[in-house]
Amino acid sequence: MKTHAQVVVIGGGVVGCSVIYHLTKLGWKDVVLIERSELTSGSTWHAAGGFHTLNADTNMAALQGYTIGLYRELEEITGQSCSLHHVGGITLAGTPERMDFLKSARAMHRHMGLDTELVTPEEIRKLSPITNTDGVLGGLYDPLDGHLDPSGTTHAYAKAAQMQGAEIVLRNPVLETNQQADGSWQVVTEQGTIIAEHLVNAAGLWAREVGAMAGVYLPLHPMEHQYFATDEIAEVVNHGKELPHVMDPEGESYLRQEGKGLVIGFYEQNCVPWAVDGTRWDFGHELLDENLDRIGDSMEIAFNRFPVLAEAGIKTIINGPFTFAPDGNPLVGPVPGLRNYWSACAVMAGFSQGGGVGLTLAEWMINGEASRDVFAMDVARFGDYCTKSYTRLKVRENYQKRFAVSYPNEELPAARPLDTTPAYGIWQQQNAVFGSGYGMEHVNYFAKQGESAYEIPSFRRSNAFDTVGEECMAVRNGVGINEVHNFGKYVVEGPGSKDYLDKIMAGRIPGVGRLTLNPMLSPKGKIIGDFTVAQVRDDLFQVTASFGAQAYHMRWFEQHLPETGVRLENVSRTRIGFQIAGPRSRELLQRVTRADVSNEAFPFLSIKEIDVGQCQAIVQRVSYTGDRGYEIYVPTHNQVALYQILTEAGKDMGLRPFGMRAMMSLRLDKSFGSWMREFKPDYTAQETGLDRFVDYNKSVDFIGKEAALAEKEKGVARKLCTFIVDAKDADANAYEPIWHSGEVVGFVTSGGYSHFNQKSIAFGFLPVALVEEGRQVEIEILGEMIAATLYSEPLFDPRNEYLRG
């Protein structure tokens, strides 16, 4: 083994081998993979080997499509067979809700260019005669589904990487990983020590243990997973061609042909976390004890759905562990808080996602960013709230929900509540219905007294609809109160703070007492943040953004932080408070402070340090509701006092609390975009309209300036637009295709119902040539073509005259 390498990858499963293949393919040849045993020794060797393109996130689906297309290339490069079987796959729907889910998925696939189709029970029987369609309403057919040989495919990746210059060292356990002063890593192994400029943790079942060597906890956990293979079945042999995969979500099972028999696996409710206290170093090419009793209920359903199983003999039972992150997606990218340490872990669907994970990581390492938005698998989408216990509980929930319908308004209950604010108990007494983001509870809406504090998951307008409408109207007609704890909040201070912010933000940095809306761009000009930047005092700034992007943004902040002159602190959980919004919000604020908050003294987009009652507060005159309003920030221990001050003063005004559902409705009135909906790393400032906040002329060479100027000169092919939709009982959510003249020309980024305007609204991209006032299009919502009309001016206070008054 050599003593120095540009990259060392720990772990010889399909993911680690994909990483070294893509690194060498893209030009980094000095790459070493270190494996404690043999290639495929963890989860890879006992995987069922299925692959599919379907994923709720469009970029994840695209990367899965890339992975599947890569296998032929690997076979051609190496001569190593992956034993590909492109047989197609059917997902069954046994309930109207599941059928809505499949219709929604089919619509999303249209704008992605995926050739899936809805099929009837009769068509399902023709495709898979062994499937009993009693109770089946329909299904979704994907011609790209299939399976392969896990070992052969992994060795194909490895061989291709070696042909391109990579070195693979087997039977060499890693003992230590130590960060060096220059950012490199000392990797101590049984066969010696190697210095790596970059270190990649692709250790699979041992990713937690390898992470611990570097002092980091990666939120993943292994789960036991069982499937079995049958003996020869006459109906399979006599079918004449290989049967398609069949996923039966109601039965929590997946089925495919294996030789002359079948393989069927289960994601059962009575599932078992494995290796809770850590994975044994001597675990490897072995299986866990079988436990068919655990999947007994699922097997009974399977025998009814696939009657040929009832008479088939069981040839092999596989019970092996796979790793999952809390949401089921991989953990990929630079690990926050460490230099040159990269994650490629928790890839539970390695043969659907392994190629895409390897490509993404290689692009990120070599080019500084991936070619597409990969936030859905970015390791920084989770924060330090992910304790071992929290992770285990969420992983178990995700396993149980593997085949569940995923609703746009669903809030999953496991490991909640975790983080709460002092106001949590106050909201509970008012029958709040809570959601959760980044581990923190927030109010979605307030159920009426006597009603259940539960929003029924649905693709259509839910039982919260009327109540949310009342909350919206309370804001627009009077004054409402809402927490501001679910903004990410950062303090940037010091003599170099303005220069630092000028470098990482694309917009103008405000003077003392003012705030600006500021995009943050990647070097390629992609949107990686949508910020409010306020200068509280000389060289003291408050920067706010999405609460759920804290680790993501802090990683970027720290990567570009100068060695001296700037202090950076994340105060998201210690600086909280409330916003008050509505036409009477100024009157309410004036009642509780001696400071002058008149329009002249406290204009729109200003910030002040004032006393609110007995609390010292930082107050910003801005509101995401699009109404007149103020964000009032205090230390966490003052929040209850602030609530009492505001509610007592607002009693005769009809001050009403409102939640996130109302907030997301009110923002529609102003055509306000939202982080990870309209503003995300797939899009640019000019595409989304954020270019109006970019200061192209500032002298500072801000990150992304060159790309932004080039785009400004060249122009863009698409633009974000707003539509009034003739919706019925279901509003646009995200990724629905937009049709014009019989063709898919764009897609929805988000949507909802404007209770103030009593209209369904959608945001989405259209080609520039089609962007004109009144443009008529159709949006496909749950399989129906719904007419929509483009409009350009916000429906509420279009020129901000009221807002600035």
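## An antiparallel sheet

Strand β23 (residues 487-493) pairs with β27 in the antiparallel sense over 4 bridges. Here two strands count as paired if DSSP finds at least two bridges between them; strands (E, at least two residues) and helices (H or I, at least four) are DSSP runs numbered from the N terminus. Within this pairing, Y490 has N570 of β27 as its bridge partner.

Both strands belong to an open sheet of 5 strands, ordered β24-β25-β26-β23-β27, with antiparallel pairing. The edges are taken by β24 (515-521) and β27 (567-570); each has a single partner strand, so one side of each is left without a neighbour in the sheet. On average, neighbouring strands of the sheet are turned by 25° against each other, direction ignored; axes are lines fitted to C-alpha atoms, and angles in general run from 0 to 180 degrees between N-to-C directions. Strands of a sheet pair through backbone hydrogen bonds, either parallel or antiparallel.

## Basis of the model

The structure is a predicted model, in which local features need pLDDT of at least 70 and side-chain atom pairs count only at pLDDT 80 or more, while totals for chains, interfaces and linings use all residues. Residues are numbered from 1 along each chain as its sequence is written, and side-chain values use heavy atoms, leaving out hydrogens and water.

## Aromatic pairs

The whole structure holds 33 aromatic pairs. Rings of Phe, Tyr and Trp (its six-membered ring) pair if their centres lie within 6.5 Å; planes under 30 degrees apart are stacked, over 60 edge-to-face, and the rest tilted. Y267 and F403 form an edge-to-face pair, with 5.6 Å centre to centre and 90° between the planes. This pair links distant parts of the chain, 136 residues apart: Y267 is in the loop between β16 (261-266) and α8 (296-305), and F403 in the loop between α10 (388-400) and α11 (424-429).

Y424 lies in helix α11 and F434 in strand β20 (residues 432-437), so the pair ties together parts 10 residues apart in sequence. Y424 is buried at 15% relative accessible area, and F434 is buried at 14%. Elsewhere, ring pairs join Y254, Y267, F324, Y399 and F403 into a cluster.

## Charges over rings

The charged end of R36 sits over the ring of W206, 4.3 Å from its centre. K712 lies over the face of Y696, 4.4 Å from the ring centre. The criterion is NZ of Lys or CZ of Arg within 6 Å of the ring centre and within 35 degrees of the ring normal.

Conventions: Buried < 20%, exposed > 50% of the residue type's maximum accessible area, 1.4 Å probe, protein only.
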